[in-house]
Amino acid sequence: MVKGTDAPPILIAQDIVMSFHGKRCLDGIRFSVQRGEIFGLLGQTGAGKTTLIKILTGQLPPDAGSATRDSSASIGIMMDAFGVYERLSVYENLKIYAALYGTVHPKEKITDILEKVGLSEAKKTAAAKLSKGMQSRLRLARVLLRDPDILFLDEPTSGLDPATADCIRQILYTEKKRGKTIFLVTHTMSEAESLCDRIALLCGGKIIECGTPKEICARHNRQKSFALHLSDGTDLCLPLTPDSADRIADLIRGRCVETLHTTEPDLETVFCDLTGEERTPAP
Amino acid sequence: MRYITAIFYKQLLDTKKNNAVLIQFFMFPLMAFFMEHMIQIAEMPPHFFAKMFACMFVGMAPLVCMSSVLSEEKERGTLRVLLMSGVKPWQYLISIGSFIFCMCMIGTAVFTLLCMYRGWDALVFVCIMTAGIVLSELVGAVIGICCQNQMAATGVMVPVMLIFSFVPMLSEFNTTVAAYTDFLFSQQIRTLINHIGVTAFPTKSICILAGNFFAALAVFLFVSRKKGLE
């Protein structure tokens, strides 16, 4: 549920500039995140996504500009490099953080969250013995234990098997439905397209696009053509012109068309176009 | 206070399952117990092994545990999570320091019993051990803060620990070593323990201990300000 844009944003990045060793890695970053939306930040490896998340969460002061959060909003951060206590069990790991956060009725809360992330069966297992996917779930459980208003997630599904990644996406979607704001850093385009209300594309330290996935794809739909698969097995690609319309109508009347669709680019195509990256062909 | 007790509790749970750290707290008290009961030599001063191992314990256990815990938490990223959860670096250090201190005091209690100290002597012994444990923890914290991972910490910790824990033992047998290493806090812990019951106030030892404490504190403050805990 994304509330109306009249509501004040829960998070505002204003002209953030950050340099490392004389190299500017973030240059005038400006966007806002509305309460209750999933905002995706996409970018190539090394584009400065993690640096930006650190600035937004107050771990790193920017060289210039500011990151402003709603003062009443609590935050939870899940980053890939953040470890768990490997000798301790899943339950003990969460118990420590429940004590740290001052959670009321910790036992019930931990049981609920373990159920939610699908780790109930493994609650007595030492964290070191968990698979990578289960460790990710444990990290997510740790974030959810605090019940934060804004969740900052740095590539939460990176390197996970499809089932685990899907489970994490489902949890995020549930949290969004509970009114939580999610700031999702990812380089999985399909994930951003399906999950995010709005996304920002980060390239060369700048936000080169910001909007809903559909808006962005529509803005970069240069081909504007129709793709047809005919009953004789041939594929046709026709430009969006009156002549093509007549020809398509003829083909449909002649019952020669198996499939017909517009050739809007997907987010990955747009991303590759904008960043100048070559798209790896599907095997 | 909530953060401090939560981290203390975390350390208690973790240490129970961390044999490498756990052994540090019990190795010297156990060795002292067995040596005291197994080896009896006529010319040997009373409770020779208990006093010697108490000095070694002070120079090794707090230092090794403090630097191990800090460097491991840094390496695994768990310290960062704690700091991002709102824990202040001083709260973390106080929690871990208090836990290690409490564990070392169990060892101190064992040494007090082995040395058969009673009343005032026992209190003086505990005070001497407390001073040594705090100093050793400060040195361990400096190593833990300076090193990014356990491998690096071990590389620094082992020679430092060998100096602080083995010098008092070597000094028992060699006066030259004792003379040259008089400035070390663990050496003065040995001197003070050996002089329990002597009425003269050990001004020199107290001054050296105070000097060691302020030097360690200055280095600790410098590195913690410069490097922080991350």
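I looked up the buried area first: chain B and chain A bury about 2100 Å² between them, 59% of it on carbon and sulfur atoms. Buried area is the accessible area (1.4 Å probe) that two parts lose on being put together, summed over both.

The model is predicted: local features need pLDDT of at least 70, side-chain atom pairs count only at pLDDT 80 or more, and totals for chains, interfaces and linings use all residues. Residues are numbered from 1 along each chain as its sequence is written, chains are lettered from A in the order in which they are written, and side-chain values use heavy atoms, with hydrogens and water left out.

I then listed the residues in contact (heavy atoms within 4.5 Å): chain B gives 21 residues and chain A gives 22 residues.

Next I looked up salt bridges (a side-chain nitrogen of Lys or Arg within 4 Å of a carboxyl oxygen of Asp or Glu). The rule finds four across the interface of chain B and chain A. A:Arg87 forms a salt bridge with B:Glu72, with the closest N and O atoms 2.8 Å apart.

Helices here are DSSP runs (H or I, at least four residues), numbered from the N terminus. The largest share, eight residues, comes from α1(B).

How values were computed:
Helix = DSSP H or I, 4+ residues; strand = E, 2+ residues; numbered from the N terminus.
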